[in-house]
Amino acid sequence: MTENEELKELVSFIARALVDDPEDVQVDVVDGDDAVVLELTVAESDLGKVIGKDGRTARAMRALLSATSARLRKRAILDILE
């Protein structure tokens, strides 16, 4: 499993645990110049669950992603798409 796949699986696993429709969770990996961008798409009704109150859940997901990517010596950015 490549490093990008590890990061993708981490985000996908967390998002599926949070939402009501786990089959609608989609994570796309975009390799940028200096970072890997993970684009998370969920069902519109689950968007609030992934973002959380005042963005706390999204911030926690980004912190986990940052810690994991640092271990892999990469920089990763999580974008939650509507």
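Two strands are taken as paired if DSSP finds at least two bridges between them. Helices (H or I, at least four residues) and strands (E, at least two) are DSSP runs, numbered from the N terminus. The structure is a predicted model, in which local features need pLDDT of at least 70 and side-chain atom pairs count only at pLDDT 80 or more, whereas totals for chains, interfaces and linings use all residues. Residues are numbered from 1 along each chain as its sequence is written, and side-chain values use heavy atoms, with hydrogens and water left out.

The model contains an open sheet of 3 strands in the order β1-β2-β3, with mixed pairing. Because β1 (26-31) and β3 (76-81) stand at the edges with a single partner strand each, one side of each is left without a neighbour in the sheet. From one strand to the next the twist averages 25 degrees (axes are lines fitted to C-alpha atoms, for helices over the stretch in contact, and angles run from 0 to 180 degrees between N-to-C directions). Strands β1 and β2 (residues 36-41) run antiparallel and are joined by 6 bridges; Q26 stands opposite T41 of β2. Strands β2 and β3 pair in the parallel sense, also over 6 bridges, and V36 has A76 in β3 as its bridge partner.

Helix α1 (residues 3-18) lies across β1, β2 and β3 and runs at about 150 degrees to β1. Helix α3 (residues 56-71) packs on the sheet, where it touches β2 and β3, and its direction makes about 150 degrees with that of β3. Contact here means heavy atoms within 4.5 Å.

Burial is assigned from relative accessible area: buried is under 20%, exposed over 50% and partly exposed in between (1.4 Å probe, protein chains only). In a regular strand the side chains alternate between the two faces of the sheet. Residues up to four places away in sequence aside, L78 touches V11, L38, L40, M61, R62 and L65.

There are 5 salt bridges, defined as a side-chain nitrogen of Lys or Arg within 4 Å of a carboxyl oxygen of Asp or Glu. One of them joins E6 and R71, with the closest N and O atoms 3.6 Å apart. This pair links helix α1 to helix α3 across 65 residues; E6 is partly exposed at 29% relative accessibility, and R71 is exposed at 57%. Another joins R75 and D34, with a closest N and O separation of 4.0 Å. D46 and K49 form a salt bridge at 3.8 Å between the closest N and O atoms, and D20, D46 and K49 are linked in a network. D46 is buried, with a relative accessible area of 0%, whereas K49 is partly exposed at 34%.

Most residues other than glycine have a negative phi. D54 is not a glycine, yet has a positive phi of about 60 degrees; this residue lies in the loop between α2 (47-51) and α3 and is exposed at 60%. R73, likewise not a glycine, has a positive phi of about 60 degrees, is placed in the loop between α3 and β3, and is exposed at 76%.
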